[in-house]
Amino acid sequence: MITLKYFARLRDVAGKGEETLDREELTVSELLDWAEQTYPGFGADNVQVAVNEDYALKEDTIRSGDVCAFIPPVSGG
Amino acid sequence: MKPFEIVEEPIDVKQYMDYVLHPSAGAVTVFTGNVREWTHGVRTLYLSYEAYVPMAEKKMAEIGAEMEEKWPGVRVAIAHRIGELQISDIAVVIAVSSPHRKAAYEANEYAIDRIKEVVPIWKKEIWEDGEEWIGAQKKYPSKGVE
């Protein structure tokens with residue numbers, strides 16, 4: 001089970017702030033593909049993924065128990 | 001207060017200045033980012049900020065560590081407010097002390113640049129006739145241009 005978190009524009013697109021995904025293992029790239037297919041207009045090309053609160057690379061592996069956050073372009077300050 | 005924190009209440013600048021001040025500090029720079037009413041001719045009514053709080057605080061602390069490495073002797077405190085902010089409210093404060101002023105100025109500017117790059121905080125602009133999450137994917141609101 002992987003926890004997924006959505007913020008800002010992506011929370012609106014997904015219609016939720018958090019959910020779980022029943023998978024044992026997948027790559028960041030596969031997770032982004034899943035999100036794009038699940039939520040039309042997700043815009044995965046402009047989204048980074050943080051795994052356990054650190055930015056992850058597309059080829060990194062996500063495992064059951066990890067917390068993943070979809071990070072759209074930030075705009076703090 | 002914590003030296004690197006996300007807060008929901010109005011920011012009290014002085015407590016971050018006080019945190020970085022110590023006997024070897026000869027200079028303190030304080031930057032505040034404030035809510036601006038007009039952006040590219042579009043009037044903002046207010047802003048709404050959201051953060052991935054634990055990661056945002058962690059990233060701000062990492063920026064502080066980068067600054068201490070680049071400018072030895074600096075002491076840093078950073079706070080960013082989330083929730084609804086009105087015009088002129090302080091969204092972010094960065095306080096930096098150093099033995100001499102040059103490092104305090106340079107390190108402070110580095111901090112705001114890095115915050116805008118890596119800290120998971122998002123701003124939504126609310127206008128009279130709409131609203132939009134702001135991000136680097138758009139240079140400025142598409143509002144009114146169909």
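**Close-up views of a predicted model**

**Figure 1.** Ala8(A) is found in helix α1 of chain A, which covers residues 8-14 (helices are DSSP runs of H or I with at least four residues, strands are runs of E with at least two, and both are numbered from the N terminus). This is a predicted model, in which local features need pLDDT of at least 70 and side-chain atom pairs count only at pLDDT 80 or more, while totals for chains, interfaces and linings use all residues. Residues are numbered from 1 along each chain as its sequence is written, and chains are lettered from A and ligands numbered from 1 in the order in which they are written. Although Ala8(A) is not a glycine, its phi is positive, at about 50°. Ala8(A) counts as buried because it has 26 C-beta neighbours inside 10 Å (buried means 20 or more other C-beta atoms within 10 Å of the residue's own, exposed 12 or fewer, and partly exposed in between, with C-beta atoms placed from the backbone).

**Figure 2.** Asn52(A) lies in a loop of chain A, between strands β4 (48-51) and β5 (54-55). The phi of Asn52(A) is near 50°, a positive value in a residue other than glycine. Because it has 13 C-beta neighbours inside 10 Å, Asn52(A) counts as partly exposed.

**Figure 3.** Gly64(B) is part of helix α2 of chain B, a helix formed by residues 53-70. There are 22 C-beta neighbours inside 10 Å of Gly64(B), so this glycine counts as buried. When residues up to four places away in sequence are left out, Gly64(B) touches Pro3(B), Phe4(B), Val76(B) and Ile78(B) (contact means that C-beta atoms, placed from the backbone, lie within 7 Å). The C-alpha atoms of Gly64(B) and Tyr110(B) are 10.0 Å apart, and 46 residues separate the two along the chain.

**Figure 4.** Chain B, the setting of Gly64(B), contains three helices and 10 strands. Along the sequence, these elements of chain B follow the order β-α-β-β-β-β-α-β-β-β-α-β-β. The C-alpha trace of chain B spans about 55 × 30 × 25 Å along its principal axes. Buried residues make up 34% of the 146 residues of chain B. Of the contacts in chain B between residues at least 6 apart in sequence, 73% join residues at least 24 apart.

Terms used. Contact = placed C-beta atoms within 7 Å.
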